[in-house]
2 protein chains.
Amino acid sequence: MTGKRLLAREMHEPHCTDCRLADLCLPMGLTNAEIERLDGFIKRGKSLAKGEVLFRQGQPGTSLYAVRSGALKTFSLSEAGVEQVTGFHLPSEIVGLAVDSDERLPVSAVALETTFLCEIPLDMLDNLSNDMAHLRKRMLRLMSREIRDNQQMLLVLSKKNAEQRLATLLVNLSARHQARGYSATAFRLVMSRHEIGNFLGLALETVSRVLNRFQQHGLIQIDNKDVRILRAEEIYALADGLTDHSSD
Amino acid sequence: MTGKRLLAREMHEPHCTDCRLADLCLPMGLTNAEIERLDGFIKRGKSLAKGEVLFRQGQPGTSLYAVRSGALKTFSLSEAGVEQVTGFHLPSEIVGLAVDSDERLPVSAVALETTFLCEIPLDMLDNLSNDMAHLRKRMLRLMSREIRDNQQMLLVLSKKNAEQRLATLLVNLSARHQARGYSATAFRLVMSRHEIGNFLGLALETVSRVLNRFQQHGLIQIDNKDVRILRAEEIYALADGLTDHSSD
DNA sequence: CGTGGCCTTGAACCTAGTCAAGTCTAGTGG
DNA sequence: CCACTAGACTTGACTAGGTTCAAGGCCACG
């Protein structure tokens, strides 16, 4: 039954030109003709259940994946086996961009909930890049963004305290939801407290405490995984380190 | 006098094909014919004194720069004016890879000591990429590495304690010196304690204390900016979080 | 020879981590 | 449909690692 409904959904968005996420996703900035060409090589219909692995660190990276619905986390394991969540990936976002010197993937990717994906083979992308300057530019832009986002995270992890980190995450998720046409003030945290903590460099208890403190101060309303942002301005200020809500 | 000697040095390495850093730098993986083509567009002889700015966050990014000698730091300033050092760049390494959605640079770059550079205009690189698949691949590889390095730093900043961070930096610098044909066990820290601390998310006092503790434990010998690694294995173990030298 | 920047060292403080219960929730099977 | 359970989350008490503040030493440079 579920399978049937999901199949119907796929039938409904079988091409980039029909996809409402296209202007955020890989095709952004390409002409219609270019998108059609690209489109021909994209494999659709890949789906993952919650907890399923999309790819594993160390595997050869042969494709990019665009999230169509659902969400993923990417993470790396250090030599000592410590997990570091490197990002959460929402619809229209691309995973699999980075490969190391042997073309191996430096991170693993796992579905945080039921997730549908488009798969874009890398060798095809490279071929098309030959005569599609727009696509080349788009690829560089995507990688640039990845670099810049990671550098932002360096700032978060090295200079911000627990409240500023959580506020930054909320602002970030809010903006990404809004970019996709959803509410900037009410959304679901698809990831667990543990995963948030891992990503932000905090203990899960700290995540819980700070979110509840935000609620007590009337900045947000939080019911398990559902967040409603009540005082966005104050959360921006907190994220930028301009104010302080650490006192009780 | 200095100028004259440095000029002589430049005359001596006026082309990628003669440069002993070529196989680490942008030309890596290209054929000789391809390198010659690339070479024609590279501007050499750009130099910076200690403290001089190569480019500033927010400026349009129109070129890449390869460090020929000397060293740079890159850093970003948050809205609140907090500085975050995002990397140190040694000879053969490329800066300026990331640009944001408006083609603006997300970081500034400043020389840590007298530095000579090669400048590679981005539009030229894009043109050459048209029919040079090797160059395209090389660009993606460089950006991939940048992403991966930044993700490594996320792990460092979010999971490692002060000792592990310093050990990681020492291992990293040691490897990069070795790659360029220099000693893996004796090198100079071109950056200040303050800059190390900023990069690693530590107070400069902590940097000083930990380095001195390493010395007391016989892991390194440190005299101001000059480091000699005495027990590399133990430093690797520390960096990977396998051991602990926190006790006195 | 004096001055300023960089570095070291010590002591007090504080943020977030750890440990330990306890509660809630979603999912399972009777 | 309800009872049960495992995992997720909350809350509290204590602790530790690193920051901050303060003072003093060391060069390098004019």
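All views below show a predicted model.

**Figure 1. The protein surface near DNA strand D.** Helix H7 of chain A gives the most to this surface, with six residues. There are 17 residues around DNA strand D, and those that come nearest are A:Ser192, A:Ser208, B:Asn161, B:Ala162 and B:Thr206. Two or more residues are given by each of helix H6 (193–200) of chain A, helix H7 (204–216) of chain A and helix H7 (204–216) of chain B. Sorted by class, the surface near DNA strand D holds seven polar, five nonpolar and five charged residues.

**Figure 2. Chains A and B as two related copies.** Chain A is superposed on chain B by a rotation of 180 degrees, with 0.0 Å of shift along the axis and an RMSD of 0.0 Å. The two copies are therefore related as by a two-fold rotation axis. Of the interface residues of chain A, 97% are also interface residues in chain B, so the copies meet through the same surface.

**Figure 3. The side of chain A that touches chain B.** In this interface, 35 residues of chain A are in contact with 35 residues of chain B. Strand S5 (83–89), helix H3 (122–129) and helix H4 (133–159) of chain A each supply at least two residues of the side that touches chain B. The most come from H4(A), which gives 16 residues. By class, this side of chain A has 15 nonpolar, 11 polar and nine charged residues.

**Figure 4. Packing of H3(A) against H4(A).** The two helix axes come within 7 Å and cross at roughly 130 degrees. Angles of 65 to 115 degrees count as roughly perpendicular and those over 145 as roughly antiparallel, so H3(A) and H4(A) are oblique to each other. On the H3(A) side the contact involves A:Leu125, A:Leu128 and A:Ser129, which meet A:Leu135, A:Arg136 and A:Met139 in H4(A). Four residues of this contact are nonpolar, one is polar and one is charged.

Figure 5. Strand S4 (residues 72–77) and strand S7 (residues 108–111) of chain B run antiparallel and are joined by four bridges. One of the residues of S7(B), B:Ala111, is the bridge partner of B:Leu72.

**Figure 6. The three-stranded sheet of chain B.** Here the strands follow the order S9-S11-S10 in an open sheet, and the pairing is antiparallel. The edges are strand S9 (186–188) and strand S10 (220–223) of chain B; each has a single partner strand, so one side of each is left without a neighbour in the sheet. The twist averages 15 degrees from one strand to the next. S9(B) pairs with strand S11 (residues 226–229) of chain B over three bridges, in the antiparallel sense. B:Ala186 has B:Arg228 in S11(B) as its bridge partner.

Definitions and conventions. Residues numbered from 1 in each chain as written. Chains lettered and ligands numbered in written order. Predicted model: local features only at pLDDT ≥ 70, side-chain atom pairs only at ≥ 80, totals over all residues. Least-squares fit on C-alpha atoms with pLDDT ≥ 70 in both. Contact = placed C-beta atoms within 7 Å. Near = placed C-beta within 6 Å. Nonpolar A, V, L, I, M, F, W, Y, C, P; charged D, E, K, R; others polar. Axes fitted to C-alpha atoms, helices over the stretch in contact; angles between N-to-C directions. Parallel < 35°, antiparallel > 145°, perpendicular 65-115°, else oblique. Pairing = 2+ DSSP bridges.
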